[in-house]
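Please look through the sequence and the structure before reading on.

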Amino acid sequence: MKTTKISVRYAKALFEFAKEREIIEEVYGDMNIINKTYISSPDFALAMRSPIIRPDKKIAIFSEIFKNTIHEISLSFLKIIFKKSRELYIHDIVYQFIKLYKEYHNIKEVIVISPSALPESIKQKLIEQLSAQLKSTIEIKEHIDPSLIGGLIIKVDDQLIDTSVSGQIKRLHQEFSINNYSKAF
């Protein structure tokens, strides 16, 4: 997702306002609802970015969809964004708010890629080990990739731990492709 200064500034403003009013948990829940709506409904996202639809019509659509599901502070904030003609940035603002919330609460998002679904016991062990190592609350997002054959790939921030069989095969292939032969005469 493309991050802009505008998105970060609006997200920080909403975050600070919610923190000041002590409604940060409610606003975080609202941002998750909006984020899921953008992701699950491409038509909604397209309508919000459309230059053809007038901002007042977008406000009406947004209000109708979210009026009974999100806090009035969140809805008012989003109406301001529409009035300032910044609706192109809403999804990024939501994403930045969620990111700020997770940083504030020391929550690390860990992506685990495995060849099949992990048993709950392994997930719990992984959470415990990563939590102790990173000194953070761990939130696992699991992806299934049958091409891994076995093992796991774990992504935390900008770190990648590849213990998959296919990763080991690739590393071996790279090692063998280097010609270490030198003439002895």
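## Nonpolar cores

The largest nonpolar core of this predicted model has 31 residues. A nonpolar core is a set of buried Ala, Val, Leu, Ile, Met, Phe, Trp, Tyr and Cys residues joined through side-chain atoms within 4.5 Å; buried means under 20% relative accessible area, with a 1.4 Å probe and protein chains only. Met31, Ile34, Tyr38, Phe62, Leu78 and Phe97 have the most contacts inside this core. Two or more residues come from each of helix H1 (5-21), H2, H3, H4, helix H5 (72-83) and helix H6 (90-104). H6 gives the most, with seven residues. Helices (H or I, at least four residues) and strands (E, at least two) are DSSP runs, numbered from the N terminus.

A second, separate core has nine residues, including Val110, Val112, Ile138 and Ile154.

As for conventions, residues are numbered from 1 along each chain as its sequence is written. The model is predicted, so local features need pLDDT of at least 70 and side-chain atom pairs count only at pLDDT 80 or more, while totals for chains, interfaces and linings use all residues; side-chain values use heavy atoms, with hydrogens and water left out.

## Aromatic pairs

Nine aromatic pairs are found in the whole structure. Rings of Phe, Tyr and Trp (its six-membered ring) pair if their centres lie within 6.5 Å; planes under 30 degrees apart count as stacked, over 60 as edge-to-face and the rest as tilted. The pair of phenylalanine 44 and phenylalanine 62 is tilted, because the ring planes are at 35°, with the centres 5.7 Å apart. Phenylalanine 44 lies in helix H3 (residues 42-49) and phenylalanine 62 in helix H4 (residues 55-66), 18 residues apart, so the pair links distant parts of the chain.

Both of these phenylalanines are buried. Ring pairs also join Tyr38, Phe44, Phe62, Phe66 and Phe82 into a cluster. Leaving aside residues up to four places away in sequence, phenylalanine 62 touches Ile34, Tyr38, Phe44, Met48, Leu75, Leu78 and Phe82, where contact means heavy atoms within 4.5 Å.

## Helix H2 and asparagine 35

Buried residues of H2 include Met31, Ile34, Asn35 and Tyr38. The buried residues of this helix pack against H1, H3, H4, H5, H6 and strand S2 (137-144).

Asparagine 35 is in helix H2 (residues 24-40) and counts as buried because its relative accessibility is 16%. Asparagine 35 touches His91, Val94 and Ile98, not counting residues up to four places away in sequence.

Definitions and conventions:
Buried < 20%, exposed > 50% of the residue type's maximum accessible area, 1.4 Å probe, protein only.
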